[in-house]
Amino acid sequence: MNRRDFLKFVGVASSASVLSSCGVEKSTEKIIPLLYPAEEGYIPGEAMYKSATCSECPAGCGVSVKVVEFNPVKLEGLKNHPVNDGALCLRGQASLMRLYHPRRVRGPLRPKKGGLVLDKMSGDMLEPVTWEVAYQSITDALKAARDAGKSNVYLSGRTSGSLSALIDSFSRETGVERLPEYEAFSHANLRAAYRAVLGVSSLPSYKVANADFLLTVGADILETFMNPVSMGQQLQRARETNNLTWIHFEPHVSLTGFKASERKILPPGSEAYLLSFLLNYFVGNQLAQNNLPANVRESLPDAPIEEVVRQTGMSEDELNQLAQRMGAARNPLLIVGGVSTQQKNGYETALLGALVQWVTGMTGSTVDFSRAEDYSKVGNVNDLTAFAQRLENEQIGVAFVTRTDTLFRTVPAQTRLSENFAKAAFKVAFVDILDQNDKELVKSYSEMYDLILPLSHSLESWGDAEVQNGLVNITQPVIAQTIFDTRSEGDILLELSRLYRGAESAVAYADWLKTRWTNTYGEAALTAALQTGYYQRPAGAVSLSLNSSGLVNALKNTELDSSSDGKVLYVVPSIRMYDGRSKDLPLTNEVPDPLSTISYGQWISVSEAAAGELGLDHNNLIHKQREVVRLESGGGAMELPAWVQPGMPDNIATIHREQVDPALLDVDPRTGETLTRIDGLSLSKTGANAVLAIMAGKVAQGDRKIIPSGHDDHGHHGHIKGDETLYPDPYDRYTEYRWGMSIDMETCIGCSACVSACYIENNIPCVGEEENVRGREMAWIRVQPYYNEEGGMDSLIMLCQQCDFAPCENVCPVYATYHNEEGLNVMVYNRCVGTRYCHNNCPYKVRRFNWFDWTDRGAWEEPMTRMLNPDIWVRPKGVMEKCTFCIQRIRKAKDVAKDEKRKVRDGEVIPACAQTCPTNAITFGNLLDQESQVFKKSQSEREFRVLEALGTSPAIHYLRKEEHA
Amino acid sequence: MSSHSTNVLGSNVPERDELYAYNYKAKLEEDVFAAVSKPTPLFYIALLTALGCVGIGATSWAIQIINGLGKAGIMNPVGWGVYITDFVFWVGIAHSGTLISAILFLFRAKFRNRFNRTAEAMTVFAVLTAGLFPLIHLGRVWFFYWLFPYPNQRHLWVNFKSPLVWDVFAVSTYLTVSVVFWYIGLVPDLAIARRIKESKIAKTLYGIFSLGWTGTFKEWQHYNQLYKFLAALATPLVLSVHSVVSWDFAMGVVYGWHTTIFAPYFVAGAIFSGCAMVITLMVPMRKMFRLERYIAIDDFEKLAKLLMLTGLIVSYAYIVELALALYVGKEGNVFEYEQFMYRLTGDYAWAYWTMILCNVISPLTLFVRKLRRNLIYLFVLSIPINIGMWFERFNIIVISLARDFDPYAFGYYTPTWIEWGITLGSFGWFFTFFLLFSKTIPVLPVTELKEEVD
């Protein structure tokens, strides 16, 4: 071939191949194989939502579980649920960690007994056994106990719905006695009072939403009392529609108190006098809507006005004014509870409270028994004392303990339950989390129990819960297979019952449930309930009448006076740990306590004056060191670092319930209520210092005017495009959206649910106590308490302000952080080299640096990686991170909007913090849209922006508290 | 010939050295190269110690790279701590070299000839040390090259608005110019070394680095022009480098950083610390290398006067900062006011008052002529000044960040052993270079000193 021919051939061949590769054939398709087969309606990358019930407290909030590729990754309140309507508290948000907790019990365990000497030396151990062996040992023990004439007992936490019915049938079939249920917060006095006054054994639901005047005495309605999320939401509704006035009386200091319109401090024990005064006022002045029969009136405890004044420290005028305001209200509501009903005269306080509710006509209207919470099976501490007695007499064979405080750490020591518990012949604990690296814990379990059965998480099994009368939450398993070798309580009981009876066919709990549901609700209602997540019967009318004979009886043994001269310790419930059950979750420890900002560890809160009296040198210690004090009272003593709590009365100290030594707790023998007020407290300085993970440098703003005081109308209400200014209009850069937020400090209750939600949504690691003490928390959003000199407290929610002129942006040498055209101050994690200049230059200090590879350090220990939100990265070490208004949610909404060829609608994007807020204090939206909620709020008279004088022009518009008369 | 007036050294060389002065040039070469040639056991001990410190620093850094920056004590809200303090400290040390060699050269201040070689060497090594810290403090040091504007396929560019990028250019320019200036000044001396040294390897190496210098008239003509030109080029750098470093802070919004006086304040501080470091290095070197004949008390006194001057400027800056904060007061600017009150009385007051004692009070003693002419006193004084200047940067960086705007985000920073280890390593790194320098390169500019007698 010559050169010319060669070139021709090459030319033809190459042009042919070029031509043939032009254009797309019609049959060409993109083939992207699915990593997971699209079974059961799962679409890879798409989130599914299933409903469940939160089990971190008995409130029974409905939960919507976001499931991505078979893994639940986020819990949100179930929209329109009668209890919580879309919101969830900080514990509820954190409870997802319970499912993936690396310390979950992974199969049945039993203490290793006998064996080699070497085993003995290594301490107590728990060894795994198979389910067959476990079941066999239980049935053997049940039969042995029956033969020995001992009783077998079943002790659980509060149970409702189908599971309660199953326990009943299990008890019948196997001859097990079902003990009264144990709840640390059993409201025993409150229930006893309602039983005495109305003859009911349940707790009402308080219709805060319908009230225009709310008086709370001791009840921490925003923290743990009954259903705090619901309370928060209802408060907000009542404020909007009824112009609610809320007065809170308490002997100590609580978050609830600070968030009330008026907080009043009562001396310990004087609550009963206040209520007695109110009762006398309404009865005596003929203002009562329901009158008291003469015999009741005669047996009422005597509380002359002079004594009321002396005890409460309020003047007669003040008392009368209060009563008048209450009388003038159209829908008043009185809630008595919490610490006020857990003291020596707590029963009297509760009784008087119930009577005031009765005479003012609240009972039946704002105190609603048609949606009552059923506590009929819940016992009290007296029941545990009786149980301990039977244990001591060796009358107990098999003891099942489930879904409650299995080591009885909240049970007052005087019941002698924990010391006698081992005397039962065979003890079975149903446990979900047990840290087997904790030698102490393993020792306790191996001493107290013969068998430990792992419980499945409620997201792993079918279930229901009757949270209120006529309201049943349906829980569906959202995870295809249990993560570990665990079983649901229902399955365990059904199997045990079958083995005990020697029956052939096994029934799964799921089938048992479905049969029961179909029989109870019918097919159609069941299908509907599965879709909505709950089943609700219309509330039937409840006829209530005064139980005068019982009441007269109850009033016989009453003693109003319970005042105390000395120091008083209040054991208060914790918004983070409830009664201690949420203690195992990393996140409830990591999110700081909203009052003290302490994350990890134990402490006692005292007043400034008390600290001075003790000679505590808290001002000269470096930020996170505090002096240790020794507290003693009758039964026990503890040594704890002291936190100076602003607003605390001088003779009062508080400690959280999960931190207290049960030896300090007393019991009211009449009602079996745990008394959490401890008199005769003596505090002394030990001279030692301890490091406490206090997250705030300071909890007062001094003269800094971070929250501007008073009404200085600076005329900067928000920003409207085209506002005249000498400088370039920052809004010129934005074309379609300028994302912004408004946070209403009037409605914010400081509950920290937003913080918790942000952690879960954005894969923020929990870094542990050591790093918290170092000041290396990773929270993108935080609740900053600022105590003021007037005795109040503001919770300032601090997160990235997405400034128009962000000081962080121009100092980044590599453009890792920049301003996008929607006003967001975005962060390109991949580009960050970690100079931390942006963090230094941020006046709000909301940027968070990854000091370590938190994954390596166990923040996402297996199987916790499964809870990571796949829509957002897990940031590696050496990279800065921060809030970007949940940009993944913005993107998602924009995608949808783009498909539908429209702009994103107002309210379509809700960041995780705003989504879970019980009081809707956080509003998010497009500031360019003058119809948007956020824009309207940004134009409010109350609007201010933090550190506005720096010229950063933040996109977060705070609304300052309203001036109260 | 009266004993003092015509003394070629222009100083107080004793009369019995008249004869010596007669044979000055030969003796000079001999003495200087005597110092260069003979490593003593003490030298090896010093070198090993310095290398040991480098080892400690390198280990600490390795631990930090493997585990993350959390191994250091920096935290929220103090994102910069000992590392940036060290960075500014070493950049400051690097300062007096160029000042002494370039500016004093242009001003024909002859006494600079005693110090310029060492000061320039110190400059180069201090910049090399300072340059490590921006790397050490990076969260992801393996991507340090992203700070340079290099063309790349993804069109990623650096942010020229960021003072950190200015730093990259300021420091690298300064390093380049300092090295070139130092090397050009070295060339004739290297040629002398080539002539004097006997070993073949030394002859070859000095031969290569002396660039074939023969000392012809033409060469000297070019050399002098180039040297003058480089001196003129380096002079603005003396002012610019530390100004740029100061803008790392002054461009920020943090009170205690955001001040217009920062550039001159930092330049004066840098010269202050640089002169102190020259004294720290030169006093023992003069003694050990027996250079008393060439470096006179008068020369040191001139350095001491420079110390006094810059010390006063620095003190003035402290007063201005404080006075402004007190003048605006709590009502005017509560953040600034409280920041400075916190410096005076807060958790870090000990660091602030250490700085005041070292940088304001101690240089005042130099007003006493007797003290400033006492070399031992000068040497002892130079060390607290170095310490004080380190604390000055520590105070600016750490105290300002520890309490900026939001009281919730106040914090307390304590350095860890990793940070101290790396700081120690930086001294080891600097002294390793310096020790090697003292045994390879004439520590006095032989040709320039010879010129003086011509």
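Colleague: What overall scores does the model get?

Modeller: Good place to begin! This is a predicted model, so it comes with scores of its own. They are ipTM 0.92 and pTM 0.92.

Colleague: How many helices and strands does chain A have, and what is its radius of gyration?

Modeller: Chain A has 29 helices and 37 strands. For its 965 residues the globule rule gives 30 Å, and the chain comes close to that, so chain A is as compact as a globular protein of that length. The radius of gyration of chain A is 30 Å.

Colleague: What does the globule rule give for chain B, and what is the radius of gyration of chain B?

Modeller: Chain B is built with 18 helices and zero strands. Its 454 residues lead the globule rule to 22 Å, and the value for the chain is close to this, so chain B is as compact as a globular protein of that length. The radius of gyration of chain B is 23 Å.

Colleague: Where in chain B is confidence lowest, and where is it highest, among the helices?

Modeller: Chain B averages a pLDDT of 89, and 95% of the residues score at least 70. Over residues 1-16 of chain B, though, pLDDT stays under 50. Where pLDDT is low, the predicted coordinates should not be read in detail. Confidence is lowest in helix H1 (residues 18-22) of chain B, with a mean of 55, and highest, at 96, in helix H3 (residues 41-67) of chain B.

Colleague: Are H10(A) and H13(A) parallel or oblique to each other?

Modeller: Two packed helices are described by the angle between their axes and the distance between the axes. For helix H10 (residues 271-284) and helix H13 (residues 316-328) of chain A, the angle is about 60° and the axes are 10 Å apart. That angle makes H10(A) oblique to H13(A).

Colleague: Which residues of H10(A) and H13(A) make the contact?

Modeller: By class, this contact has seven nonpolar, one polar and no charged residues. H13(A) supplies A:Leu319, A:Ala323, A:Met326 and A:Gly327. From H10(A) come A:Phe277, A:Leu278, A:Tyr281 and A:Phe282.

Technical notes:
Residues are numbered from 1 along each chain as its sequence is written. Chains are lettered from A and ligands numbered from 1 in the order in which they are written. This is a predicted model: local features need pLDDT of at least 70, side-chain atom pairs count only at pLDDT 80 or more; totals for chains, interfaces and linings use all residues. Axes are lines fitted to C-alpha atoms, for helices over the stretch in contact, and angles run from 0 to 180 degrees between N-to-C directions. Helices (H or I, at least four residues) and strands (E, at least two) are DSSP runs, numbered from the N terminus. Angles under 35 degrees count as roughly parallel, over 145 as roughly antiparallel, 65 to 115 as roughly perpendicular and the rest as oblique. Two residues are in contact if their C-beta atoms, placed from the backbone, lie within 7 Å. Ala, Val, Leu, Ile, Met, Phe, Trp, Tyr, Cys and Pro count as nonpolar, Asp, Glu, Lys and Arg as charged, and the others, Gly among them, as polar. pLDDT is the predictor's confidence in each residue, from 0 to 100. The radius of gyration is taken over C-alpha atoms; the globule rule is 2.2 Å times the number of residues to the power 0.38.
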